[in-house]
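Good morning, and thank you for coming.

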Amino acid sequence: RPNSPAAKAGLKAGDVIVEIEGQPVERQAQLKSLINPRYAGETLALAVKRGDERLTFSAELVAELQPYAH
């Protein structure tokens with residue numbers, strides 16, 4: 001989503017998060033378990049797969065996203 005924390009970090013639709021803070025992410029449940037113990041304002045190191053590329057990003061966690069307006 002435009003102006004979302006993910007977009008501000010450089011992530012794009014279709015990116016697949018494969019690593020958070022050096023920990024592999026193979027399933028959505030792992031993604032949640034790696035993010036849930038964190039706090040708003042923390043910055044996480046992410047590795048994503050975009051097509052054939054592996055890219056790294058830093059993303060700041062936020063407490064809550066505003067509902068997406070169509």
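Predicted model: local features only at pLDDT ≥ 70, side-chain atom pairs only at ≥ 80, totals over all residues.

Residues are numbered from 1 along each chain as its sequence is written, and side-chain values use heavy atoms, with hydrogens and water left out.

Let me begin with the overall layout. The chain has two helices and four strands, and from the N terminus on the order is α-β-β-α-β-β. Helices (H or I, at least four residues) and strands (E, at least two) are DSSP runs, numbered from the N terminus.

How does the radius of gyration agree with that of a compact globule? For 70 residues such a globule would have a value near 11 Å, and the chain, at 12 Å, agrees with this. The radius is taken over C-alpha atoms, and the globule rule is 2.2 Å times the number of residues to the power 0.38. Along the principal axes, the C-alpha atoms fill a box of roughly 30 × 30 × 20 Å.

Eleven residues form the largest nonpolar core: Ala 9, Leu 11, Ile 20, Val 25, Leu 34, Leu 44, Leu 46, Val 48, Phe 57, Ala 59 and Leu 61. Strand S3 (43-50) and strand S4 (53-60) each supply at least two residues of this core, and S3 gives the most, with three. A nonpolar core here is a set of buried Ala, Val, Leu, Ile, Met, Phe, Trp, Tyr and Cys residues joined through side-chain atoms within 4.5 Å.

Ile 20 lies in strand S1. Is Ile 20 buried or exposed? Ile 20 counts as buried, because its relative accessible area is 0%. Leaving aside neighbours within four places in sequence, Ile 20 is in contact (heavy atoms within 4.5 Å) with Val 25, Leu 31, Leu 34, Ile 35, Leu 44, Ala 45 and Leu 46.

Leu 61 lies in the segment after S4 and, at 17% relative accessibility, also counts as buried. With neighbours within four places again set aside, the contacts of Leu 61 include Ile 35, Tyr 39 and Leu 44.

I turn now to two loop residues. Pro 37 lies in the loop between helix H2 (28-35) and S3, and it counts as exposed because its relative accessibility is 54%. The C-alpha atoms of Pro 37 and Asp 52 are separated by 31 Å, although these residues are 15 apart along the chain.

Glu 21 lies in the loop between strand S1 (16-20) and strand S2 (23-24). With a relative accessible area of 36%, Glu 21 is partly exposed. Its phi is positive, at about 50 degrees, although Glu 21 is not a glycine. Most residues other than glycine have a negative phi.

Thank you for your attention; I am happy to take questions.

Terms used: Buried < 20%, exposed > 50% of the residue type's maximum accessible area, 1.4 Å probe, protein only.
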